[in-house]
Amino acid sequence: MINIQNIKFAYSKEVVLDGFSLQFDKGGIYGLLGKNGTGKSTLLYLMMGLLRPQKGIVTVDGIDTTLRRPEVLSEMFLVPEEYDLPAISLSAYVKAIKPFYPRFSEDLLKQCLANFEMSTDINLGALSMGQKKKVYMSIALAANTRYLLMDEPTNGLDILSKSQFRKVVIEGMSEDKTIIISTHQVHDVELLLDHVCIIERNNVLLNEPLVEKDQAINLEELFIKTVKDPL
Amino acid sequence: MFSFKRFINVARWDLSVNSKFYTRSAIMMMAFISTPIVLFYLYNMLTKGFLLMGNTTDNVEGFAVTISLIGIAYMIISSGYMFHNLLTKQGRISELTLPATNLERFLWHVVVIVIGVQLVYFCGVVVADFLHFLFRLAIQNADIQSLTAACFWGVGEPWIESSNVGYINFVKNYGYEITLAIFIWASCYTRSFCLFNAWKYKYNIPWTFLFYFILQTVLPLVLLFLGTMFFSKENVLDFMEWIKDVNPHNIIIGMDIVGILVYICIWLLTYRLYKRAQLTTKRNP
């Protein structure tokens, strides 16, 4: 369980979150939605221990994330919005990170890459930005961590790749995994989500499970309604 | 808890992910060390002609001094790149989310800086020595001394043994205490570049030089000012009298102890800054 308790975080003098609390229970795919600049990415970084709150605490399974304990980090994986991969072969990269993730599955990696129509025999330095994103998401799912955080995962992906992304996430999902997807592109993820959190500075406007699984949910409509007319 | 297995995994990860960076840096360094030798023989070839070069001295003394200076510059610059992984946002994400303790990751950086850099320097000198040997063979002059021995041990011809080049000579000429004091304070200076790198990831080397410039120019003036404010001329003269009676040996031992304490403080502070590193380059209190 990820527990964010009454945190305050500011970049220099710009306060992003103040007195903010939120909780993510185990299992399921969470959508972390919000307007630009509401602190979605900051929240993910705080959950990963990459930022330290000035007040309050963020815990993962009861452990303070700022301690960056290996037993916590080996159960978490972050797919940031922008990143670069080293110019080495995929196999060398996997060999380097595999020992850190006890449940890393090379079969799942192959499956994810196949869903993205990509080969495993690739040099990471020669890939385009979109391809790098696909590879990194595949690695993140293959790491089989209990918590997977994705920041704007569909940014930079074409329409076909977005559809492939949904397939990859569904196939890579298991009961014990918690995936938190932070995005403002609600259309891309609405079919994936079990739970939605809509945040606006310091406020959780909506934090509910999406029960109408078999019906198409218009998440965009829900988002606009919630943001315009907060409870 | 520190895990040696995880530490090895961190080493493997870093060497894989940064293989190009390390290889390029090592090759550049080795080429840089060999440059004075190549330039020396090219210059002589152009000015004297190849046939007359057989009389050229092997110039090991000059090479050893130049290479030692290059080595010092290399230690300083590489210390300023200790946390090169943290330079970019993606680098910080990769390193700081790696499932290992802060200490394990930090110690690996220490190993790279303390052992890795020395190893590259040693290999660079050996390569330069071999190149030098090849040049001597080419000009058919068998009068040759070992550059490696001159750089590291200062043994061989009489000039080497009377010079300060090499660790052994330094000890021989100045004694263990002074050598140790110089070694400790030089290490403090070099490792302060690591400390500044943990504080700032970009432009940390110019910042460190600026710090020392201020320390060398402003600090003596401040001390002089404070001295005139709080101490009379008699106090200063008394102090001069007192220090004359102190055994120099004790002063050097004192310098060694202070140096060791400063050295430990530099590493502790560097670790503290590293441990508190965040994704943003701004640090919270």
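**Figure 1. Secondary structure and overall dimensions of chain A.** In this predicted model, chain A contains eight helices and ten strands. Its radius of gyration is 17 Å, close to the 17 Å that the globule rule gives for 231 residues, so chain A is as compact as a globular protein of that length. The C-alpha trace of chain A spans about 50 × 40 × 30 Å along its principal axes.

**Figure 2. Burial and contacts within chain A.** Of the 231 residues in chain A, 44% are buried. A residue counts as buried if 20 or more other C-beta atoms lie within 10 Å of its own. When contacts in chain A between residues at least 6 apart in sequence are considered, 70% of them join residues at least 24 apart.

**Figure 3. The side of chain B that touches chain A.** Here 22 residues of chain B are in contact with 26 residues of chain A. Helix H1 (4–17), helix H2 (19–48) and helix H4 (89–96) of chain B each supply at least two residues of this side of chain B. The largest share, six residues, comes from H1(B). By class, the side of chain B that touches chain A comprises eight nonpolar, ten polar and four charged residues.

**Figure 4. Helix H11 of chain B.** This helix covers residues 233–245 of chain B and has 13 residues. From its first C-alpha to its last, H11(B) reaches 19 Å, close to the 18 Å expected at 1.5 Å a residue. Is H11(B) largely buried or in the open? The number of buried residues among the 13 of H11(B) is zero, so the helix lies largely in the open.

Notes. Residues are numbered from 1 along each chain as its sequence is written. Chains are lettered from A and ligands numbered from 1 in the order in which they are written. This is a predicted model: local features need pLDDT of at least 70, side-chain atom pairs count only at pLDDT 80 or more; totals for chains, interfaces and linings use all residues. Two residues are in contact if their C-beta atoms, placed from the backbone, lie within 7 Å. Helices (H or I, at least four residues) and strands (E, at least two) are DSSP runs, numbered from the N terminus. Ala, Val, Leu, Ile, Met, Phe, Trp, Tyr, Cys and Pro count as nonpolar, Asp, Glu, Lys and Arg as charged, and the others, Gly among them, as polar. The radius of gyration is taken over C-alpha atoms; the globule rule is 2.2 Å times the number of residues to the power 0.38. A residue is buried if 20 or more other C-beta atoms lie within 10 Å of its own, exposed if 12 or fewer, and partly exposed in between; C-beta atoms are placed from the backbone. The expected span of a helix is 1.5 Å times one less than its number of residues.
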